[in-house]
Amino acid sequence: MQSFVEWEALGNILLYGLLVGAGLPTLFAIGVRIMAGPGAKDESGKVTPGRLVLAWLCFGICLVAILGAVAYIAAGGH
Amino acid sequence: MWSGEHIPTLRKSRPPPPHADSSPVVHLSVTIVGVTEPILLVLVVTTALAFDFTNGFHDTGNAMATSIATRALKPKTAVLLSASLNMAGAFLSLTVAATIATGIVDADIVTLEVVLAGLAGGIIWNLITWLFGIPSSSSHALIGGVVGAALAAAGSEGVLWSGLTSKVLIPALVAPVVAIAVATVGTWLVVRFTRDVEQKDNDKMFRWGQIGSASLVSLAHGTNDAQKSMGIILLALIAAGAVPSDSSVPFWVIFSCALAMALGTYMGGWRVIRTLGKGLVELESRQGMAAETSSAAVILLSSHFGYSLSTTHVATGSILGSGVGMKGASVRWGVAGRMFSAWLITVPSAAAVGAAAYFLDQLVGGAAGSYVVFGVLVVISAGIFAWSRRNPVNPHNVNDDWDPAEESEAFVAESVATHRPETMTVKTKRLRRAKKALAEREAAATLGAEATSTATEVVDPPDRADAGATDTPSTPTDENGK
């Protein structure tokens with residue numbers, strides 16, 4: 001009698017799903033907050049270079065993740 | 001690329017009936033007959049392409065509904081983007097899973113007639129659910145159709161029931177749960193981190209994130225689903241002897257499948273898009289972005305871990321989750337419930353159509369049977385299309401407000417919400433205090449003291465009574481009661 005639910009696969013999907021599927025939007029949100037959150041703009045109304053670098057680091061990781069996923073699809077993992 | 005050892009075993013003939021001579025010679029002779037049935041082959045290929053078209057058409061919403069609903073993309077732009085990505089996705093990876101319902105029906109009984117009947121079941125179920133604007137899984141519809149045809153062809157032994165349960169029915173229940181969980185957490189975190197960012201900055205930036213993640217879902221869909229149709233057509237070609245059994249997918253098959261799906265996507269299943277984007281949850285771009293990323297992650301991970309979940313179920317679950325995770329967003333569970341029930345009956349309904357198609361085929365008999373099935377399929381599809389014209393959904397009205405009349409409980413919820421949202425959330429403490437005050441006043445009323453003046457307050461809603469209890473003359477009574 002085989003198991004009707006593949007618990008191990010399911011657990012993995014949930015775990016990594018939370019990590020990636022919830023983690024990346026959070027990272028993106030942190031990027032948005034750094035760039036446009038309270039205190040992001042100095043007196044001249046510009047975002048400081050430090051914040052810009054940090055924010056783009058967050059966005060960059062998200063972008064790399066998307067490109068990675070495209071590469072994964074192309075490699076036939078799907 | 002396609003390689004020889006992955007060629008599945010598709011019998012080149014229908015199974016010999018129990019009383020017939022089942023020597024290999026029969027197979028050989030029927031194989032030769034197969035080559036001489038070019039019209040049946042053309043019918044199967046056409047039907048497979050038609051299924052591919054309904055697949056693209058039906059599933060556009062999975063990827064693009066949120067982007068359309070949050071106006072990150074104009075409706076037409078969204079379907080154009082999705083169609084191009086579906087097309088690109090179809091060419092991107094050619095490790096075709098050329099198996100129809102492997103492990104679900106007995107591979108030995110899958111003949112061209114069974115495939116044709118199965119496709120008919122899949123197409124008709126796709127069109128019916130589209131008519132009602134219900135997102136339902138195209139692959140489940142196809143599997144259901146093939147299962148029904150297999151049942152009709154070989155009885156209950158033709159179906160591997162444990163495979164059907166563990167690979168199709170249970171994942172249909174599991175997929176939305178996983179997606180709801182991931183999207184809820186994602187949305188909650190996103191909203192938490194961006195709650196003090198100005199709404200226009202949020203919208204501006206999250207729209208880009210949303211487009212990125214939605215594109216990924218489209219691409220994955222193109223790769224995944226176009227290959228199902230390619231697989232079916234290749235199997236049909238091999239079965240009919242038109243190509244050798246170790247053939248790779250001919251270019252025209254790849255191209256026509258990619259094109260059929262892209263065209264279907266571009267036509268846009270506006271009814272389904274509307275339900276997903278407007279019917280379940282009123283979405284803003286932060287939720288849309290979290291929902292699409294959750295969809296993309298769960299879809300890709302599920303195929304990575306070899307436990308395929310349906311794109312439709314995952315996308316719908318993610319959208320629901322984005323409503324659960326956002327404080328103050330109302331989820332129309334009535335709409336969601338209708339959807340879940342549609343998923344549960346997808347396989348049996350498509351199976352019923354598939355079985356009916358197969359019986360029709362056998363009843364008429366021979367090549368003519370397949371023509372009749374094809375003809376009936378065309379007529380029914382045209383009928384459903386004509387019916388849909390009665391209240392068309394198109395790019396112009398896809399984003400209209402969800403008609404409350406479509407959902408009576410939602411109408412109540414919304415009328416309260418637009419009126420005074422704070423009455424919807426009653427704190428336990430306040431409720432308890434209000435109840436106590438009410439009980440005391442009732443007790444006072446039965447005693448007959450100032451019965452007329454308190455009676456009016458008794459019918460007040462709890463929060464009014466509570467407000468009264470804290471800063472109006474009723475406070476003393478409250479205090480005295482203690």
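**View 1. The buried residues of helix 3 of chain B in this predicted model.** In helix 3 of chain B, the residues B:Pro75, B:Ala78, B:Val79, B:Ser82, B:Ala83, B:Leu85, B:Asn86, B:Met87, B:Gly89 and B:Ala90 are buried, where buried means under 20% relative accessible area, with a 1.4 Å probe and protein chains only. Helices here are DSSP runs (H or I, at least four residues), numbered from the N terminus. The cover over the buried residues of helix 3 includes helix 2, helix 7, helix 8 (251–267) and helix 9 (270–279) of chain B. At 1.5 Å a residue, the 18 residues of helix 3 should span 26 Å, and its end C-alpha atoms are 25 Å apart, which agrees; the expected span is 1.5 Å times one less than the number of residues. This is a predicted model, in which local features need pLDDT of at least 70 and side-chain atom pairs count only at pLDDT 80 or more, whereas totals for chains, interfaces and linings use all residues. Residues are numbered from 1 along each chain as its sequence is written, chains are lettered from A in the order in which they are written, and side-chain values use heavy atoms, with hydrogens and water left out.

View 2. The structure holds one cavity of 30 Å³ or more, and the volume of the largest cavity is about 40 Å³. A cavity is a set of points on a 1 Å grid over the protein atoms alone where a 1.4 Å probe fits but cannot get out, and lining residues have an atom within 4 Å of a point. Among the lining residues are B:Asp59, B:Ser82, B:Asn86, B:His221 and B:Thr311. Helix 2 (38–69), helix 3 (75–92) and helix 7 (199–239) of chain B each give two or more residues to this lining, and helix 2 gives the most, with four residues.

**View 3. The contact between chain B and chain A.** Here 46 residues of chain B are in contact with 38 residues of chain A, contact meaning heavy atoms within 4.5 Å. The two chains bury about 3,600 Å² between them, 78% of it on carbon and sulfur atoms; buried area is the accessible area (1.4 Å probe) that two parts lose on being put together, summed over both. In chain B, the residues that lose the most area to chain A are B:Met205, B:Phe305 and B:Tyr307, together 16% of what that side buries.

Technical notes: 1 Å grid on protein atoms, 1.4 Å probe; cavity = no way out; pocket = protein on both sides within 12 Å on 5 of 7 lines; lining within 4 Å. Points joined across faces, edges and corners; volume = space filled by probe spheres on them. Buried < 20%, exposed > 50% of the residue type's maximum accessible area, 1.4 Å probe, protein only.
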